[in-house]
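Here is my note, in numbered points. Please keep the model open while reading.

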Number of protein chains: 2
Amino acid sequence: MNRVKKYFIKFLPSNKSITIDPNYNLRQAILDCGLDIDSSCGGAGTCGRCVVQIIEGTVETKDFPKFISKKEKENGFVLSCQARVKSDLVVYVPERVKQKGKIEKGELGERPSKIYAGISKREFSSIEVKPWIVKEWLKVEKPSFSYGTSDLFRLQKAIKESLGIEDCVVPIHIMRILPNVLREKNWTVTVTVDKWNRTLIDIQAGEVDRKCYGIAIDIGTTTLVLYLVDLENGDILSVASEYNPQIKFGEDIINRIVYSTRKEGLNKLREVVVDCLNSLIWNLLLDSGVDPDSIVSVVVAGNSTMMHLFYGVPPRYIREEPYVTVANRFPNSTAEEVGIKHIRNAMVYSMKGVASYLGSDITSGVLATDMACQKELTLFLDLGTNGELVVGNSEWMMGCSCSAGPAFEGGGVKCGIRAVDGAIEKVWIDEETYKCEVEVIGGGKPRGICGSGLIDIIGEMYLKGVIDRKGKFNRDIGNRYLECVDGDLRYIIVDARDSATGKSIFISEVDINNLMRAKAAIYAGIKTLLEEVDLNVYDLDRIYIAGGLGKHLNIRNAIVIGMLPDIDISKYHFLGNTSVTGAYLSLLSEEKYKKSLEIANKITYIELSVNMKFMDRYVAGLFLPYTDLKDFPTVEELIYSMNNLRGRDRR
Amino acid sequence: MNRVKKYFIKFLPSNKSITIDPNYNLRQAILDCGLDIDSSCGGAGTCGRCVVQIIEGTVETKDFPKFISKKEKENGFVLSCQARVKSDLVVYVPERVKQKGKIEKGELGERPSKIYAGISKREFSSIEVKPWIVKEWLKVEKPSFSYGTSDLFRLQKAIKESLGIEDCVVPIHIMRILPNVLREKNWTVTVTVDKWNRTLIDIQAGEVDRKCYGIAIDIGTTTLVLYLVDLENGDILSVASEYNPQIKFGEDIINRIVYSTRKEGLNKLREVVVDCLNSLIWNLLLDSGVDPDSIVSVVVAGNSTMMHLFYGVPPRYIREEPYVTVANRFPNSTAEEVGIKHIRNAMVYSMKGVASYLGSDITSGVLATDMACQKELTLFLDLGTNGELVVGNSEWMMGCSCSAGPAFEGGGVKCGIRAVDGAIEKVWIDEETYKCEVEVIGGGKPRGICGSGLIDIIGEMYLKGVIDRKGKFNRDIGNRYLECVDGDLRYIIVDARDSATGKSIFISEVDINNLMRAKAAIYAGIKTLLEEVDLNVYDLDRIYIAGGLGKHLNIRNAIVIGMLPDIDISKYHFLGNTSVTGAYLSLLSEEKYKKSLEIANKITYIELSVNMKFMDRYVAGLFLPYTDLKDFPTVEELIYSMNNLRGRDRR
């Protein structure tokens, strides 16, 4: 018989199953089945995280000794992204570490006085809360034989008299209910009007509650954050956040763009993020008790790729030279048009980005810092997978993105993880014993080390003489925490018996190398931007640091390793998630939103990937702290004095 | 057992069946089943057209001797709208006279030179064909590292350079295909742009055919008419028309408004008309071979009720004092938004009306006549169920509607039918024998008499002395065609043996009375409008007659009965369907469409139903031709000379 063979796969412990064609990719089958699997490389076979165990049946795969030991291989462990199905299977898919709820409400749900980034409460209170969507009570004139104009005309007249809006657009779905709503409470209505777009968004009979609420959304590559906001006074009533569920299709932007080019890939990416936003919105509603119909507007910020995916627009050319977006701002839409449920009356507005790698999250952040309105020279730094920088003041602004790589988010570093519970966020090295002391997020035994911990360990190793300026281990010092595995030198941060995984947590020379590339890129970016306008780091009046990394960052160590400029530490300020703050401010004020559009238009974007000066400075940054120590005078001094100290002690 | 009883009805000859609750209305059950049944009164029990025969089972009903004889009753005939189901039934539903295809293509599908109403070809050719939707070939700049703007920005720039449109709006569904379309043919695209609304409607890769087509639609209470138009040169490529399928829910506007207030009534009315338009559009496409994607715009005209129903907006208050519309113009919509299929790229625009009973069909007609641009004083008269009038010139315009009643469309007259095959359209009476000679639409035996025939018969009867000035039969003259049935005098126009129905075709005193009311309303409307501005009928430079009635109308007889002013016949012009012509002109020219909006705003509407002067003139019009014969000097003269003639002959 010529029947096409199909294979049946059963997954444990979920007991889910799927029927697929021969040679189908095993990781894809897991995803198709709706199961979650860690895979920061998006299936390229380079991160080694999608290991599963074949209980029964056969797959075709290669050896990956880097990720799977010989013994593990014998026990059926395979890299699922590199395995092709050759028979019916029973597969054990290890449950992914649950990441839900790790983002604490307290960290995000701060009141405006704090979250208006870097700005004091006094300054915040000067913001005029004046959103462009308003609710108003209207008394519409009754028709009569002597005034027999249409309902629409009389409504438009009342809107003009009350709100000063000429020829307010009334969409067809409102026209369909208009006559009954007008007559229900004797020609008294409550209208919701988008003043900016001169459009009627909703109409209700009678004088109903005029409370309006809005939702500010930041769609991060890693995290989604939502604020539910009272548009009358700016109060944040509820906060919700969740890891971006697109992570299962690839941990970083590039892997998601690759996934989006597959058949139905873009739709899938869009669906999962929209579904997740819908459930977060539902949580906001439950938590706050706010009537869904009184939510009138949503402002969305995110990097260019996330925005493309949210709006269902192909992000493919963000990744292909010369790296252009389809759009930097997306059309004003109804909630329905973008798939947002529960809040049928809301309009959705997008913040505007600058370029493929300088998205609306950055514009939003710049808005939040208020730097575009001030004379002082400010450097704004968003530290995530990419380091994005904007430097300038009320006169001019320049921005760039330096692909720092995922090292600071735990990628490309063997024991690296994101800043979640169990992550080492701070490290100290005992100068005598070289033993590490660590601080773990959430307390308890550590599972790995996150960005701020990595910066600490590099800085500490350098200061304590464990590594040299090139990032190589100093084999001369007796160090019982240094070990060699397969020719790769490792420094043990936490012993196997003290870790949550039962394996030691370490940092290798390869890891150090990746981290040095990342820090070099950021510093080179800062230098390049400043030198474009004949300035240097000492001209900076302040440095704002946004993004997840900033929260636990030890600035001193970041300077020691040459990632951040060696200037007065008091000039540094941590701001947290400025993307959602900017969206929040825009929700509250038409003026602020318009300012953000102005900011996006004003920032001159420098493409570093083709900038030779950047390349030179990047290479110069592959030393600790930098090739030319004159750039880091306090570090030079520190090292000198510590060496002296060590010399004296040993003497 | 407490089960709720249900009854099963089977309809013959269709063999369709339905299960309904006890006491359900039988006519409604027929409609629910998707069957067609004649019912011009919409189920009020007053037209007597929805008679069916109960073959088996029981219904509860009253006697309607006016419509059903005792013998018919014994044979199971009932008025279905007045019958409540009391058991399972078998019901014979007489097949409705098929009305499809009665509207001949030739009558509607005339070329612009003719259909540009009342205007010569020379004048028509002076119209600049300049629609507001255009297709243009564009070369979009390629992105580069030195010019890394978004695809959207570069597209907007190209549109601006080529079409002069700043910040052209690109909707999200186009943004989703934009990057691929731009790159498919090396940055060459064909865009379809709505210049007026500054919106991109479509984009295709490469330099494709720039042909654009549009569809002009007139939604009449009785008839739907569509033109498929080449937007480059104004050629009408195909014409389609059909009776408005809403007729089965009520023949006139009032009955449809009543039906719309029922549960799901509005939706049903909307659905049937949209479905019918979709099938007509499909026919246009098949007939012309035009690519559906190249149809870019649709312009719709119709009376206010038809427009409300088409857009799904409740028309209820059109019928309730003080008679106001929800809107006189509906929002620009995509074809999808209003339910139009097949032509996914088209935008739908509505003509603008003036008031509840002076709709966009009249504005469209006024546009078609060009009277708003001329100095001559013109009376525009649309004769249908309502007579709508507009009088004026380039300086001013006034309009009104006089509820002529459905008499001229065959309603309220026992043997009246619409102007379809089998309708008597012209009548002459032999002065000696009083026998009628008739002309039948489509030839063959007559089935009834339509509007123009009714005007002829009244005029002839009056001129030949069969009726007096009050419309009463002159019993003094020997007349073998006069007979009395149940106390109602009838004049036999066609003997039973010469008619298609096997019954005689006659006109009764009651019929004459209804017709005199209708003609009185029209003339009173004309007088009232003119006198509002201190003018009289002799000041009129011309009279344009639009609407179905006009086509076969004998102007002389219309003057004789006092319906139309007694002025020089050469001032009268028949125009046919001016509503579709106006929509057609608007399709072709932004300037014309804007002119039509101006016309709608300019026409001063006079509400006659509360106008005492109108009432006086209406009452004065209940004579033939009018109370004061001085208004109709040529008729007075004619009657005088005919009486003399008769006197002489008899002498």
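Which residue in S12(A) does Ile215(A) stand opposite?

1. Leu228(A) is the residue in S12(A) that stands opposite Ile215(A). S12 spans residues 223-230 of chain A, and S11(A) pairs with S12(A) in the antiparallel sense over 7 bridges. Pairing requires at least two DSSP bridges between the strands. Strands (E, at least two residues) and helices (H or I, at least four) are DSSP runs, numbered from the N terminus. With 3 residues between them, S11(A) and S12(A) form a hairpin.

2. Before going on, the basis. This is a predicted model: local features need pLDDT of at least 70, side-chain atom pairs count only at pLDDT 80 or more, and totals for chains, interfaces and linings use all residues. Residues are numbered from 1 along each chain as its sequence is written, while chains are lettered from A and ligands numbered from 1 in the order in which they are written.

3. S11(A) also has a parallel partner. That is strand S14 (residues 295-302) of chain A, joined to S11(A) by 7 bridges. Here Ile215(A) has Val298(A) as its bridge partner.

4. Burial of S11(A) comes next. A residue is buried if 20 or more other C-beta atoms lie within 10 Å of its own, exposed if 12 or fewer, and partly exposed in between; C-beta atoms are placed from the backbone. Strand S11 (residues 213-219) of chain A is largely enclosed by the rest of the structure, because 7 of its 7 residues are buried. Tyr213(A), Ile215(A), Ile217(A) and Ile219(A) point one way from S11(A). Gly214(A), Ala216(A) and Asp218(A) point the other way. In a regular strand the side chains alternate between the two faces of the sheet.

5. Now a lysine in chain B. Lys595(B) sits in helix H17 (residues 590-602) of chain B. Why does Lys595(B) count as buried? Because Lys595(B) has 21 C-beta neighbours inside 10 Å. Leaving aside neighbours within four places in sequence, Lys595(B) is in contact (C-beta atoms, placed from the backbone, within 7 Å) with Leu367(B) and Ala372(B). Ala372(B) is 223 residues from Lys595(B) in sequence, yet 8.7 Å away in space, C-alpha to C-alpha.

6. Last, the contact between chains. Chain A brings 37 residues to it and chain B 36 residues. On the side of chain B that touches chain A, helix H6 (151-163), helix H7 (172-175) and helix H8 (178-184) of chain B each supply at least two residues. H8(B) gives the most, with 3 residues.

How values were computed. Contact = placed C-beta atoms within 7 Å.
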